[in-house]
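Reader: Before we discuss any detail, could you put the sequence and the structure on the page?

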Amino acid sequence: MKVAISGASGFVGSFLCEYFSKQGYEVSKIGIRDFDGGLAKKLEGAELVINLAGAPIIGRWSGEYKKILVSSRLDTTSKLSDAVCAMQVKPKAFFCASAVGYYAEGDNDEYSYKKADDFLGELCERWEEAARAVEPCGVKCVNMRFGIVIGKNGGALSQMLPIFKAGLGGKIGSGKQGFSWIHLHDLARAIDFIYKKELSGVFNFTRSE
C-alpha cells in the first residue's frame, strides 16, 4: 500500500514516514515545492493521504504570522483536496491534521463541546472544512484534532526539557489545569487503526491528565 504524506519533514511527519515504512508501506513524501505542480505525481497510486502541512503554531502570533498560519494550512489543504478529487483512481481516505485548539476552555467531550471563539478556533474550523472537500468525491475524510504531541528529538518536549535540566522548570499557572497530549507512537497507531477500520469524521488525538 502507498501512503502520501505532506509535511513529511516535520516532527510528526518524519516519524510517520518511518512508522509506515516499517509496516511495509510505500511512502511518498510531499514537500513544499510539490504544491506548485508536482502533486499529481506524488499522489498517484496512494490509498491513504495524510496532510500535516502548516507553519509551526508555537511562536509570536503577529498579524503577519497569523496570515502565514492561515495560508500554510488552508492553501495546502485546498490544493491537496483538489488534487485528490482530480485523480482517476482516488485514495480511500484523506487524513488532515487539526488541533484541540478548536475547543473553547472548559470540559469538552464527544457529547458536549463548544468551539473556541478565537483565532485558533476559527482556523481549525476552516482547516477542517477545506479537508472535507474530498467527501463529495467519494473519499473518506478524517480530521485529526491533535493535542500536544510528545516524543523524542522534537516537538514540545524538546523545548521544555532544557529548561528543566537547567533547574529552571516549574508549573504553569496553578498547575492544576488540563494538559491534552498524545505520544507519537499512539498518534501513529491511531491513524493506522482508523484507516484499517474505514472510519471517518472528527477524532481527538489526545489524552488528558
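Predicted model: local features only at pLDDT ≥ 70, side-chain atom pairs only at ≥ 80, totals over all residues.

Author: Residues are numbered from 1 along each chain as its sequence is written, and side-chain values use heavy atoms, with hydrogens and water left out.

Reader: Are helices α3 and α4 roughly parallel or roughly antiparallel to each other?

Author: The axes of α3 (residues 63–86) and α4 (residues 119–131) come within 8 Å and cross at roughly 15 degrees, the axes being lines fitted to C-alpha atoms over the stretch in contact, with angles from 0 to 180 degrees between N-to-C directions. Angles under 35 degrees count as roughly parallel and those over 145 as roughly antiparallel, and therefore α3 and α4 are roughly parallel.

Reader: Is S6 buried or exposed?

Author: S6 is found in strand β1 (residues 2–6), and its side chain reaches the backbone nitrogen of L52 at 3.1 Å. Since buried means under 20% relative accessible area and exposed over 50%, with partly exposed in between (1.4 Å probe, protein chains only), S6, at 0%, is buried.

Reader: With which side chain does the side chain of S98 make a polar contact?

Author: S98 lies in strand β4 (residues 93–99) and, at 4% relative accessibility, counts as buried. A polar contact is a pair of N or O atoms within 3.5 Å; within protein, one must be able to donate a hydrogen and the other to accept it, and residues adjacent in sequence count only if both atoms are side-chain atoms. At 2.7 Å, the partner of the S98 side chain is the side chain of E128.

Definitions and conventions. Helix = DSSP H or I, 4+ residues; strand = E, 2+ residues; numbered from the N terminus. Parallel < 35°, antiparallel > 145°, perpendicular 65-115°, else oblique.
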